[in-house]
Amino acid sequence: QVQLVESGGGLVQPGGSLRLSCVASGFTSTDYDIGWFRQAPGKEREGVSCINKNDGSTNYAAFVKGRFTISRDNNKNIVHLQMNNLQPEDTAVYYCATLRNTEHCLAGDYWGQGTQVTVAS
């Protein structure tokens, strides 16, 4: 019954910014940590960033290089990914997902439909 919906993707020039949002619904007695993942053309799906719902601790993939920030609203069912200084290699479909392991940013059972991020001149 859990549903995740991403939004905020689009076409930006190199150096531009986007703010992605993930709205989660259908949570019942179980709460979930949520993370962001991406899949670029010709590449495997990879973790981008994950956040702990309780203490707000975060982790990031090495390629982020300080450019992205993950955050979660107080209701804990909306997670954002602020992406700055985007580069062409960031072009990918970005997904949010529930996590089975938050410390290591490993996806669990539920995924959103994805939102396309394209970085090009």
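1. Start with aspartate 90. In this predicted model, aspartate 90 is buried, with a relative accessible area of 1%. Its salt-bridge partner is arginine 67, and the closest N and O atoms are 2.6 Å apart. Arginine 67 also counts as buried, at 13% relative accessibility.

2. Look at where these two residues sit. Arginine 67 lies in the loop between β6 and β7 (68–72). Aspartate 90 lies in the loop between β8 (78–83) and β9 (92–101). The pair therefore ties together parts that are 23 residues apart in sequence.

3. The contact belongs to a network. Salt bridges that share partners join Arg38, Glu46, Arg67 and Asp90. Within that group, the side chains of arginine 38 and glutamate 46 meet in a salt bridge of 3.0 Å, N to O. Arginine 38 is buried, with a relative accessible area of 5%. Glutamate 46 is partly exposed, with a relative accessible area of 25%.

4. How many salt bridges does the structure hold? There are four. One of them joins aspartate 33 to lysine 53, with the closest N and O atoms 3.7 Å apart. Aspartate 33 is in the loop between β3 (18–25) and β4 (34–39). Lysine 53 is in the loop between β5 (46–51) and β6 (58–60).

5. Next, strand β8. Is β8 mostly covered or mostly open? It is mostly covered, with five of its six residues buried.

6. Which strands pair with β8? One partner is β3, which pairs with β8 in the antiparallel sense over six bridges. In β8, glutamine 82 stands opposite arginine 19. Another partner is β7, which runs antiparallel to β8 and is joined to it by five bridges. Here the bridge partner of arginine 72 is valine 79 in β8.

7. Finally, check the turn. β7 and β8 form a hairpin with five residues between the strands. In this hairpin, lysine 76 takes a positive phi near 70 degrees.

8. Points to locate on the model. Find the network of Arg38, Glu46, Arg67 and Asp90. Last, follow β8 beside β3 and β7.

Notes:
Residues numbered from 1 in each chain as written. Predicted model: local features only at pLDDT ≥ 70, side-chain atom pairs only at ≥ 80, totals over all residues. Heavy atoms only, no water. Helix = DSSP H or I, 4+ residues; strand = E, 2+ residues; numbered from the N terminus. Buried < 20%, exposed > 50% of the residue type's maximum accessible area, 1.4 Å probe, protein only. Pairing = 2+ DSSP bridges.
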